[in-house]
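Trainee: I'd like to learn how to read strand pairing and salt bridges in a model. Can you walk me through it?

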Amino acid sequence: VDIDDETLAKLGQWPWPRTLVAEFIARLSGQVRVVAFDAVFAEADRTSPRELARTLPASLADIRERLGRLPDSDLVLAKAVDAARKAGTSVVMGFSLVHEPGARLPALKRGFNVSGPDASAYLPPWSGAIVNRPVIEAAIDGNGSINSTPDLDGVIRRISLVFRSGADLYPSLALEALRLAAGSDQSYILKTSGGSGERVLGASSGVVAVRIPVEGAPLTIPTDSEGAVWLHFTDPDAPRTLPAWRLFEKDFDPATLGGGIAFVGTSAAGLKDLRATPRNPTAPGVELHAQLAEQVISGHYLERPDYADRIEKVVFIVLGVLLIALMRRLGAVWCALLTVGSIAAVVALSWQAFNGALGGRRLLFDPI
């Protein structure tokens, strides 16, 4: 559900008054299983009666008192979340992890049980977070990180499922949405190498998977050693995107929502939530969470095995030693041809692994 430029023109600037967000949730209640906001409601609502009362001079004490008796906007939003829950719709909101010490940490709705060696050394640390207002945070069903970390070239190719601050582990926004969509009220299971028989060349090498306990069939999500999932981006699909203003139209048909997970975010350039991906230099940030959820639901993954680094190093060393050994016998021209042929073979094998032609799994290797 896209808070796009047209939505801002019709419904007003962002952030919206909490009363409008409450109405927004009410229109989704009972129509989808989960509403996940790629947003943080960290500041007080400037349109809340109590906030307005503080801006009035003392000479208007009577008006200030009347405003103070009106319901607080955060409380109105919290009640909308509670009403959505009763209608069968769970609400997830985001928090943004930061490196500044002393920032308040988010509330955990569900924690992690680690199966295997301690994963702390493999998860990048964070110091604190920008979190939702306490009344809102207490009311929501799920609370997940909206952080995404680009590679060195500024392009986002992976999304982390689990984050660490001190000894505490926190889920991502998409992971919380998936847990609630699956109807799970249990803690996550974080599998590391060495847990449940998982070994890599006889040693521990980080996170292997995140599991959502679901009655009958647990949902297991394979990850890299840092608990992230490689995204296999699909092309933009207009029918899967709904401008937020449409929800407020009289002729809107709730059946178009499909009863699944509604990720709420923005593509408006002025709100600066655009991210570079391999397929789109200005993708809405919320699309990353939706792409991840789609991969998990479909069971379609790109995998970079935790032995990939070792294989790449061995191939590099073997080819280097072979080239040195053959240089005197074959000469520069033949060795150059051998080098080009070796690189072509490595690229071809990497491409075959990416396409799933080697054993059916879509494996990621660095061909260079």
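Predicted model: local features only at pLDDT ≥ 70, side-chain atom pairs only at ≥ 80, totals over all residues.

Trainee: Which strands does S2 pair with, and in which direction do they run?

Mentor: The general idea is that two strands pair if DSSP finds at least two bridges between them. Here, S1 (residues 34-37) and S2 run parallel, joined by four bridges. S2 also runs parallel to S5 (residues 142-145), again with four bridges. With S4 (residues 128-130), S2 has three bridges and runs antiparallel.

Trainee: Is S2 mostly covered or mostly open?

Mentor: Mostly covered: eight of the nine residues in S2 (residues 90-98) are buried.

Trainee: Now the charges. Which residues form a salt bridge with arginine 85?

Mentor: The test is a side-chain nitrogen of Lys or Arg within 4 Å of a carboxyl oxygen of Asp or Glu. Aspartate 82 passes with closest N and O atoms 2.8 Å apart, and aspartate 141 passes at 2.5 Å. Because aspartate 141 sits in the loop between helix H6 and S5 while arginine 85 is in helix H5, that pair ties together parts 56 residues apart in sequence.

Trainee: How far apart are arginine 85 and aspartate 82 along helix H5?

Mentor: Three residues, so about one helical turn separates them. Asp82, Arg85, Lys86 and Asp141 are linked in a salt-bridge network.

Notes: Residues numbered from 1 in each chain as written. Heavy atoms only, no water. Buried < 20%, exposed > 50% of the residue type's maximum accessible area, 1.4 Å probe, protein only. Helix = DSSP H or I, 4+ residues; strand = E, 2+ residues; numbered from the N terminus.
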